[in-house]
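The exercises below are to be worked with the sequence and the model at hand. Each task is followed by a solution in steps.

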Amino acid sequence: MNRGSRSYRIALLPGDGIGPEVTTSATEVLETVADAHGFSLETAEYPVGGAAIDHVGQPLPAGTLTGCLDADAVMLGAVGGPAWDHGTGDKRPEAGLLALRKGLGTFANLRPVAVPRALAALSPLREERVTGVDLLIVRELTGGIYFGTPRTEGEDVASDTMLYTKTEVQRITRIAGQWARKRGGRITSVDKANVLASSRLWRAAVEEVLAAEFPELALDQLYVDNAAMQIVRDPRQFDVILTGNLFGDILSDLAATLPGSLGVLPSASVGEGVGIFEPVHGSAPDIVGLDQANPIGMILSAAMMMDHLGEPDAAAAIRQGVDGALNDGLVTADLARDLRFVGTREMTERICKWAVTSAATTRT
Ligand code: NAD
(Lines give C-alpha, C1' and ligand atoms only; values in the text may rest on other atoms or scores of the structure.)
Protein backbone atom coordinates (compact mmCIF):
# COMPACT_ATOMS: atom_id res chain seq x y z
CA MET A 1 0.00 0.00 0.00
CA ASN A 2 2.73 2.42 1.03
CA ARG A 3 4.92 2.94 -2.02
CA GLY A 4 8.38 3.36 -0.54
CA SER A 5 8.96 6.90 0.68
CA ARG A 6 5.54 7.47 2.21
CA SER A 7 3.78 8.67 -0.87
CA TYR A 8 0.16 7.75 -1.54
CA ARG A 9 -1.71 7.63 -4.81
CA ILE A 10 -5.23 8.93 -4.34
CA ALA A 11 -7.90 8.55 -7.04
CA LEU A 12 -10.21 11.56 -6.76
CA LEU A 13 -13.78 11.06 -7.96
CA PRO A 14 -15.53 14.39 -7.27
CA GLY A 15 -18.76 13.34 -9.04
CA ASP A 16 -21.81 15.61 -9.14
CA GLY A 17 -23.48 18.47 -7.31
CA ILE A 18 -21.50 19.55 -4.26
CA GLY A 19 -19.15 16.58 -4.72
CA PRO A 20 -16.44 18.68 -6.41
CA GLU A 21 -16.70 21.41 -3.73
CA VAL A 22 -16.25 19.08 -0.77
CA THR A 23 -13.55 17.04 -2.53
CA THR A 24 -11.58 20.23 -3.12
CA SER A 25 -11.87 21.06 0.58
CA ALA A 26 -10.71 17.62 1.68
CA THR A 27 -7.79 17.71 -0.76
CA GLU A 28 -6.68 21.05 0.69
CA VAL A 29 -6.79 19.69 4.23
CA LEU A 30 -4.93 16.54 3.16
CA GLU A 31 -2.20 18.53 1.47
CA THR A 32 -1.84 20.64 4.59
CA VAL A 33 -1.39 17.63 6.88
CA ALA A 34 0.77 15.77 4.36
CA ASP A 35 3.26 18.65 4.45
CA ALA A 36 3.16 18.78 8.22
CA HIS A 37 3.55 15.00 8.66
CA GLY A 38 6.21 14.36 6.04
CA PHE A 39 4.42 12.33 3.38
CA SER A 40 3.23 13.21 -0.09
CA LEU A 41 0.09 12.64 -2.11
CA GLU A 42 -0.19 11.98 -5.79
CA THR A 43 -3.76 12.71 -6.88
CA ALA A 44 -5.43 11.83 -10.18
CA GLU A 45 -9.01 12.86 -10.97
CA TYR A 46 -11.55 10.62 -12.75
CA PRO A 47 -15.20 11.10 -13.79
CA VAL A 48 -18.01 9.16 -12.11
CA GLY A 49 -21.80 9.38 -11.87
CA GLY A 50 -23.71 11.98 -13.86
CA ALA A 51 -20.52 13.80 -14.84
CA ALA A 52 -19.26 10.56 -16.42
CA ILE A 53 -22.59 9.92 -18.18
CA ASP A 54 -22.27 13.39 -19.74
CA HIS A 55 -18.64 12.73 -20.69
CA VAL A 56 -18.66 9.20 -22.03
CA GLY A 57 -22.22 7.91 -21.70
CA GLN A 58 -21.73 5.66 -18.67
CA PRO A 59 -21.52 6.30 -14.92
CA LEU A 60 -18.35 4.26 -14.33
CA PRO A 61 -16.02 4.53 -17.33
CA ALA A 62 -13.46 1.72 -17.62
CA GLY A 63 -10.64 4.28 -17.15
CA THR A 64 -12.11 5.34 -13.82
CA LEU A 65 -12.24 1.80 -12.49
CA THR A 66 -8.69 1.10 -13.68
CA GLY A 67 -7.44 4.34 -12.08
CA CYS A 68 -9.10 3.35 -8.80
CA LEU A 69 -7.71 -0.18 -8.86
CA ASP A 70 -4.25 1.28 -9.39
CA ALA A 71 -4.53 3.75 -6.48
CA ASP A 72 -3.86 3.34 -2.77
CA ALA A 73 -7.27 4.79 -1.94
CA VAL A 74 -10.28 6.44 -3.57
CA MET A 75 -11.90 9.67 -2.41
CA LEU A 76 -15.41 10.11 -3.76
CA GLY A 77 -17.64 13.21 -3.44
CA ALA A 78 -21.22 12.31 -4.39
CA VAL A 79 -23.17 11.28 -7.45
CA GLY A 80 -26.62 12.02 -8.85
CA GLY A 81 -28.94 14.95 -9.41
CA PRO A 82 -32.09 16.00 -11.24
CA ALA A 83 -30.33 16.16 -14.63
CA TRP A 84 -29.93 12.37 -14.63
CA ASP A 85 -33.15 11.33 -12.86
CA HIS A 86 -34.74 10.22 -16.14
CA GLY A 87 -31.99 7.68 -16.84
CA THR A 88 -32.77 3.99 -16.42
CA GLY A 89 -30.81 0.88 -15.45
CA ASP A 90 -27.08 1.27 -15.83
CA LYS A 91 -27.46 4.83 -17.16
CA ARG A 92 -28.20 6.12 -13.66
CA PRO A 93 -25.41 7.80 -11.65
CA GLU A 94 -26.03 5.44 -8.70
CA ALA A 95 -25.30 2.47 -10.97
CA GLY A 96 -21.73 3.84 -11.20
CA LEU A 97 -21.43 3.78 -7.43
CA LEU A 98 -22.69 0.21 -7.14
CA ALA A 99 -20.36 -0.91 -9.95
CA LEU A 100 -17.40 0.81 -8.28
CA ARG A 101 -18.09 -0.93 -4.96
CA LYS A 102 -18.43 -4.25 -6.74
CA GLY A 103 -15.33 -3.63 -8.89
CA LEU A 104 -13.16 -2.81 -5.86
CA GLY A 105 -14.69 -5.55 -3.71
CA THR A 106 -15.57 -3.09 -0.94
CA PHE A 107 -18.06 -5.25 0.86
CA ALA A 108 -17.98 -3.39 4.19
CA ASN A 109 -19.29 0.12 4.71
CA LEU A 110 -18.16 1.75 7.95
CA ARG A 111 -20.20 4.69 9.16
CA PRO A 112 -19.10 6.17 12.46
CA VAL A 113 -21.65 8.48 14.08
CA ALA A 114 -20.29 10.65 16.85
CA VAL A 115 -21.77 13.88 18.09
CA PRO A 116 -19.06 16.47 18.76
CA ARG A 117 -19.72 18.43 21.97
CA ALA A 118 -19.94 21.65 19.93
CA LEU A 119 -22.83 20.21 17.91
CA ALA A 120 -24.84 18.43 20.62
CA ALA A 121 -27.19 21.38 21.06
CA LEU A 122 -27.95 21.39 17.31
CA SER A 123 -29.25 17.82 17.21
CA PRO A 124 -32.95 17.26 16.51
CA LEU A 125 -32.88 15.08 19.66
CA ARG A 126 -32.48 16.56 23.12
CA GLU A 127 -28.89 17.52 23.91
CA GLU A 128 -28.62 15.19 26.92
CA ARG A 129 -29.77 12.28 24.76
CA VAL A 130 -27.03 12.69 22.12
CA THR A 131 -24.10 13.96 24.14
CA GLY A 132 -21.57 11.15 24.11
CA VAL A 133 -23.06 9.21 21.18
CA ASP A 134 -20.25 7.23 19.55
CA LEU A 135 -21.43 4.34 17.44
CA LEU A 136 -20.20 2.60 14.32
CA ILE A 137 -22.53 1.12 11.73
CA VAL A 138 -20.94 -1.76 9.81
CA ARG A 139 -23.13 -2.29 6.76
CA GLU A 140 -22.76 -5.12 4.25
CA LEU A 141 -22.39 -3.35 0.94
CA THR A 142 -22.17 -5.68 -2.02
CA GLY A 143 -24.92 -8.22 -1.35
CA GLY A 144 -28.56 -8.34 -0.35
CA ILE A 145 -31.50 -6.83 -2.17
CA TYR A 146 -29.53 -4.10 -3.99
CA PHE A 147 -27.67 -6.82 -5.85
CA GLY A 148 -30.62 -9.21 -6.24
CA THR A 149 -32.70 -9.83 -9.33
CA PRO A 150 -35.14 -7.00 -10.11
CA ARG A 151 -38.06 -8.14 -12.22
CA THR A 152 -40.95 -6.21 -13.69
CA GLU A 153 -43.91 -8.11 -15.10
CA GLY A 154 -46.03 -5.78 -17.17
CA GLU A 155 -47.15 -2.57 -15.51
CA ASP A 156 -48.65 -4.03 -12.37
CA VAL A 157 -46.12 -6.41 -10.85
CA ALA A 158 -42.49 -5.89 -9.80
CA SER A 159 -40.18 -7.81 -7.48
CA ASP A 160 -36.66 -7.76 -6.06
CA THR A 161 -34.78 -10.57 -4.39
CA MET A 162 -32.87 -10.43 -1.12
CA LEU A 163 -30.12 -13.01 -1.19
CA TYR A 164 -27.26 -13.57 1.25
CA THR A 165 -24.71 -16.36 1.31
CA LYS A 166 -23.13 -17.61 4.51
CA THR A 167 -19.70 -16.52 3.27
CA GLU A 168 -20.92 -12.93 2.74
CA VAL A 169 -22.29 -12.76 6.27
CA GLN A 170 -19.20 -14.36 7.79
CA ARG A 171 -16.77 -11.87 6.25
CA ILE A 172 -18.77 -8.77 7.25
CA THR A 173 -19.14 -10.20 10.76
CA ARG A 174 -15.35 -10.50 10.99
CA ILE A 175 -14.98 -6.81 10.06
CA ALA A 176 -17.52 -5.85 12.74
CA GLY A 177 -15.72 -8.10 15.24
CA GLN A 178 -12.35 -6.48 14.56
CA TRP A 179 -13.84 -3.01 15.08
CA ALA A 180 -15.72 -4.01 18.23
CA ARG A 181 -12.45 -5.31 19.66
CA LYS A 182 -10.84 -1.88 19.13
CA ARG A 183 -13.89 -0.08 20.53
CA GLY A 184 -16.30 -1.00 23.33
CA GLY A 185 -16.50 -4.78 22.75
CA ARG A 186 -20.23 -4.85 21.93
CA ILE A 187 -22.02 -5.76 18.69
CA THR A 188 -25.70 -5.32 17.93
CA SER A 189 -26.65 -7.37 14.88
CA VAL A 190 -29.78 -6.08 13.14
CA ASP A 191 -32.02 -8.25 10.94
CA LYS A 192 -35.64 -9.21 10.39
CA ALA A 193 -35.33 -12.88 11.28
CA ASN A 194 -38.97 -13.13 12.37
CA VAL A 195 -40.03 -12.69 8.72
CA LEU A 196 -37.13 -13.15 6.28
CA ALA A 197 -35.27 -16.38 5.48
CA SER A 198 -32.17 -14.39 4.49
CA SER A 199 -32.21 -12.83 7.98
CA ARG A 200 -32.39 -16.24 9.65
CA LEU A 201 -29.28 -17.25 7.73
CA TRP A 202 -27.71 -13.90 8.72
CA ARG A 203 -28.43 -14.48 12.40
CA ALA A 204 -27.03 -18.01 12.44
CA ALA A 205 -23.83 -17.02 10.60
CA VAL A 206 -23.22 -14.02 12.89
CA GLU A 207 -23.65 -16.17 16.01
CA GLU A 208 -21.31 -18.83 14.64
CA VAL A 209 -18.46 -16.45 13.71
CA LEU A 210 -18.64 -14.46 16.93
CA ALA A 211 -18.78 -17.55 19.14
CA ALA A 212 -15.83 -19.19 17.37
CA GLU A 213 -13.57 -16.20 16.68
CA PHE A 214 -14.61 -13.35 18.99
CA PRO A 215 -15.88 -15.05 22.15
CA GLU A 216 -14.96 -12.01 24.27
CA LEU A 217 -17.47 -9.74 22.49
CA ALA A 218 -21.03 -9.18 23.72
CA LEU A 219 -23.72 -9.80 21.09
CA ASP A 220 -27.26 -8.35 21.00
CA GLN A 221 -29.67 -9.08 18.16
CA LEU A 222 -32.48 -6.69 17.25
CA TYR A 223 -35.15 -6.70 14.59
CA VAL A 224 -34.71 -3.72 12.30
CA ASP A 225 -37.94 -2.00 13.35
CA ASN A 226 -36.91 -2.13 17.00
CA ALA A 227 -33.38 -0.99 16.10
CA ALA A 228 -34.78 2.11 14.37
CA MET A 229 -36.79 2.93 17.48
CA GLN A 230 -33.81 2.36 19.80
CA ILE A 231 -31.51 4.62 17.75
CA VAL A 232 -33.93 7.48 18.35
CA ARG A 233 -34.86 6.50 21.93
CA ASP A 234 -31.35 5.96 23.31
CA PRO A 235 -28.54 6.14 20.71
CA ARG A 236 -25.85 5.97 23.41
CA GLN A 237 -26.62 2.30 24.08
CA PHE A 238 -24.88 1.26 20.83
CA ASP A 239 -21.24 0.48 20.12
CA VAL A 240 -21.01 -1.45 16.80
CA ILE A 241 -24.18 -2.05 14.78
CA LEU A 242 -23.77 -4.87 12.24
CA THR A 243 -26.36 -5.13 9.49
CA GLY A 244 -27.13 -5.91 5.86
CA ASN A 245 -27.23 -3.64 2.85
CA LEU A 246 -30.86 -2.47 2.88
CA PHE A 247 -31.27 -2.12 6.66
CA GLY A 248 -27.85 -0.46 6.90
CA ASP A 249 -28.77 2.09 4.26
CA ILE A 250 -31.84 3.17 6.18
CA LEU A 251 -30.46 2.96 9.72
CA SER A 252 -27.30 4.86 8.84
CA ASP A 253 -29.30 7.77 7.44
CA LEU A 254 -31.46 7.69 10.55
CA ALA A 255 -28.38 7.75 12.79
CA ALA A 256 -26.92 10.47 10.58
CA THR A 257 -29.54 12.91 11.83
CA LEU A 258 -28.11 12.72 15.37
CA PRO A 259 -25.35 15.33 14.89
CA GLY A 260 -27.82 17.75 13.28
CA SER A 261 -26.76 17.49 9.62
CA LEU A 262 -25.91 14.80 7.10
CA GLY A 263 -23.05 17.08 6.09
CA VAL A 264 -20.75 16.15 8.97
CA LEU A 265 -20.68 12.38 8.64
CA PRO A 266 -17.92 10.37 6.99
CA SER A 267 -17.80 6.83 5.69
CA ALA A 268 -15.34 4.26 4.44
CA SER A 269 -16.05 1.30 2.19
CA VAL A 270 -13.39 -1.34 2.56
CA GLY A 271 -12.89 -4.97 1.70
CA GLU A 272 -10.53 -6.87 -0.50
CA GLY A 273 -8.18 -4.10 -1.61
CA VAL A 274 -8.47 -0.37 -2.31
CA GLY A 275 -10.95 1.44 -0.06
CA ILE A 276 -13.44 4.17 -0.98
CA PHE A 277 -13.74 7.14 1.36
CA GLU A 278 -16.82 9.29 0.91
CA PRO A 279 -19.22 11.42 2.94
CA VAL A 280 -22.60 9.99 3.85
CA HIS A 281 -24.53 12.78 2.13
CA GLY A 282 -25.60 12.99 -1.50
CA SER A 283 -24.96 15.62 -4.15
CA ALA A 284 -27.24 18.26 -2.51
CA PRO A 285 -28.39 19.82 -5.80
CA ASP A 286 -30.23 22.57 -3.91
CA ILE A 287 -26.99 24.22 -2.74
CA VAL A 288 -24.56 23.56 -5.60
CA GLY A 289 -22.16 26.41 -6.27
CA LEU A 290 -23.38 28.56 -3.36
CA ASP A 291 -20.35 28.00 -1.09
CA GLN A 292 -22.81 26.44 1.38
CA ALA A 293 -21.73 22.81 1.35
CA ASN A 294 -20.54 21.52 4.70
CA PRO A 295 -17.13 19.97 3.92
CA ILE A 296 -16.77 18.16 7.27
CA GLY A 297 -18.20 14.80 6.16
CA MET A 298 -15.73 14.63 3.29
CA ILE A 299 -12.85 15.89 5.43
CA LEU A 300 -13.53 13.29 8.15
CA SER A 301 -13.70 10.65 5.40
CA ALA A 302 -10.18 11.75 4.46
CA ALA A 303 -9.20 11.20 8.11
CA MET A 304 -10.56 7.64 7.91
CA MET A 305 -8.51 7.20 4.75
CA MET A 306 -5.31 8.30 6.49
CA ASP A 307 -5.98 5.83 9.32
CA HIS A 308 -6.52 3.11 6.72
CA LEU A 309 -3.27 4.03 4.96
CA GLY A 310 -1.34 3.75 8.22
CA GLU A 311 -1.00 7.47 9.01
CA PRO A 312 -2.85 7.74 12.34
CA ASP A 313 -1.13 11.01 13.35
CA ALA A 314 -2.32 12.71 10.16
CA ALA A 315 -5.81 11.32 10.77
CA ALA A 316 -5.78 12.67 14.31
CA ALA A 317 -4.57 16.08 13.08
CA ILE A 318 -7.48 16.26 10.61
CA ARG A 319 -9.99 15.39 13.35
CA GLN A 320 -8.44 17.99 15.64
CA GLY A 321 -8.70 20.50 12.80
CA VAL A 322 -12.44 19.84 12.58
CA ASP A 323 -12.89 20.03 16.36
CA GLY A 324 -10.88 23.26 16.44
CA ALA A 325 -13.11 24.93 13.86
CA LEU A 326 -16.31 23.73 15.57
CA ASN A 327 -15.03 24.80 18.99
CA ASP A 328 -14.37 28.25 17.50
CA GLY A 329 -18.13 28.35 16.91
CA LEU A 330 -17.93 28.03 13.13
CA VAL A 331 -20.86 26.32 11.42
CA THR A 332 -21.98 26.12 7.81
CA ALA A 333 -25.55 27.00 6.80
CA ASP A 334 -26.90 23.46 7.31
CA LEU A 335 -26.14 23.69 11.03
CA ALA A 336 -26.83 27.39 11.60
CA ARG A 337 -29.62 28.24 13.98
CA ASP A 338 -29.53 31.91 13.00
CA LEU A 339 -27.95 33.93 10.23
CA ARG A 340 -24.40 33.49 11.47
CA PHE A 341 -22.63 30.89 9.40
CA VAL A 342 -19.56 30.57 7.25
CA GLY A 343 -19.09 29.23 3.74
CA THR A 344 -17.39 26.05 2.60
CA ARG A 345 -14.14 27.84 1.90
CA GLU A 346 -13.89 29.64 5.23
CA MET A 347 -14.70 26.46 7.14
CA THR A 348 -12.00 24.61 5.17
CA GLU A 349 -9.40 27.31 5.86
CA ARG A 350 -10.11 27.20 9.59
CA ILE A 351 -9.89 23.40 9.65
CA CYS A 352 -6.52 23.59 7.84
CA LYS A 353 -5.32 26.15 10.37
CA TRP A 354 -6.22 23.96 13.37
CA ALA A 355 -4.92 20.80 11.67
CA VAL A 356 -1.51 22.43 11.26
CA THR A 357 -1.54 23.73 14.84
CA SER A 358 -2.28 20.24 16.06
CA ALA A 359 0.46 18.73 13.87
CA ALA A 360 2.98 21.21 15.29
CA THR A 361 1.90 20.35 18.84
CA THR A 362 2.20 16.62 18.13
CA ARG A 363 5.77 16.99 16.87
CA THR A 364 7.08 19.12 19.76
P1 NAD B 1 -28.62 14.82 -0.16
O2 NAD B 1 -27.80 14.20 0.90
O3 NAD B 1 -27.94 15.23 -1.40
O4 NAD B 1 -29.35 16.13 0.44
C5 NAD B 1 -30.31 16.08 1.49
C6 NAD B 1 -30.36 17.46 2.17
O7 NAD B 1 -29.17 17.64 2.94
C8 NAD B 1 -30.40 18.63 1.18
O9 NAD B 1 -31.19 19.65 1.72
C10 NAD B 1 -28.96 19.08 1.10
O11 NAD B 1 -28.80 20.43 0.78
C12 NAD B 1 -28.46 18.77 2.49
N13 NAD B 1 -27.03 18.42 2.49
C14 NAD B 1 -26.50 17.24 2.09
N15 NAD B 1 -25.17 17.29 2.20
C16 NAD B 1 -24.87 18.51 2.65
C17 NAD B 1 -23.64 19.16 2.96
N18 NAD B 1 -22.44 18.56 2.83
N19 NAD B 1 -23.68 20.44 3.39
C20 NAD B 1 -24.86 21.06 3.55
N21 NAD B 1 -26.06 20.51 3.29
C22 NAD B 1 -26.04 19.24 2.84
O23 NAD B 1 -29.82 13.80 -0.46
P24 NAD B 1 -30.97 13.86 -1.56
O25 NAD B 1 -31.48 15.25 -1.70
O26 NAD B 1 -31.89 12.79 -1.20
O27 NAD B 1 -30.27 13.43 -2.92
C28 NAD B 1 -29.74 14.34 -3.88
C29 NAD B 1 -29.02 13.55 -4.94
O30 NAD B 1 -27.89 12.88 -4.35
C31 NAD B 1 -29.88 12.45 -5.57
O32 NAD B 1 -29.59 12.41 -6.94
C33 NAD B 1 -29.43 11.19 -4.88
O34 NAD B 1 -29.60 10.04 -5.67
C35 NAD B 1 -27.95 11.49 -4.66
N36 NAD B 1 -27.34 10.74 -3.55
C37 NAD B 1 -26.07 10.33 -3.75
C38 NAD B 1 -25.40 9.67 -2.73
C39 NAD B 1 -23.97 9.28 -2.95
O40 NAD B 1 -23.35 9.75 -3.89
N41 NAD B 1 -23.39 8.44 -2.11
C42 NAD B 1 -26.02 9.45 -1.50
C43 NAD B 1 -27.33 9.92 -1.34
C44 NAD B 1 -27.97 10.58 -2.37
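**Exercise 1. Overall fold**

How many helices and strands are there in the protein?

Solution. The model is predicted: local features need pLDDT of at least 70, side-chain atom pairs count only at pLDDT 80 or more, and totals for chains, interfaces and linings use all residues. Residues are numbered from 1 along each chain as its sequence is written, and side-chain values use heavy atoms, with hydrogens and water left out.

Step 1. The protein has 12 helices and 12 strands; these are DSSP runs numbered from the N terminus, helices being H or I of at least four residues and strands E of at least two.

Step 2. The radius of gyration, taken over C-alpha atoms, is compared with a globule rule of 2.2 Å times the number of residues to the power 0.38. For 364 residues a compact globule would have a value near 21 Å, and the 20 Å of the protein agrees.

Step 3. Of the 364 residues, 51% count as buried, that is, under 20% relative accessible area with a 1.4 Å probe and protein chains only.

**Exercise 2. Lys192**

Locate Lys192 and describe its surroundings.

Solution. Step 1. Lys192 lies in the loop between β8 (186-191) and α7 (197-213).

Step 2. With a relative accessible area of 17%, Lys192 is buried.

Step 3. Not counting residues up to four places away in sequence, Lys192 touches Ser199, Tyr223, Val224, Asp225 and Phe247; contact means heavy atoms within 4.5 Å. Tyr223 is 31 residues from Lys192 along the chain, yet their C-alpha atoms are separated by 4.9 Å.

Step 4. The side chains of Lys192 and Asp225 are joined by a polar contact of 3.0 Å (a pair of N or O atoms within 3.5 Å; within protein, one must be able to donate a hydrogen and the other to accept it, and residues adjacent in sequence count only if both atoms are side-chain atoms).

**Exercise 3. Gln230**

Is Gln230 buried or exposed?

Solution. Step 1. Gln230 is found in helix α8 (residues 224-233).

Step 2. Its relative accessible area is 11%, so Gln230 is buried.

Step 3. Leaving aside neighbours within four places in sequence, Gln230 is in contact with Leu222, Pro235, Gln237 and Phe238.

**Exercise 4. Ligand**

Which polar atoms of the protein lie by oxygen atoms of the ligand?

Solution. Step 1. A backbone N or O atom of Gly282 lies 2.7 Å from a ligand oxygen atom.

Step 2. For a polar backbone atom of Gly81 the distance to a ligand oxygen atom is 2.9 Å.

Step 3. Asp286 has a polar side-chain atom 2.8 Å from an oxygen atom of the ligand.

Definitions and conventions
Buried means under 20% relative accessible area, exposed over 50%, partly exposed in between (1.4 Å probe, protein chains only).
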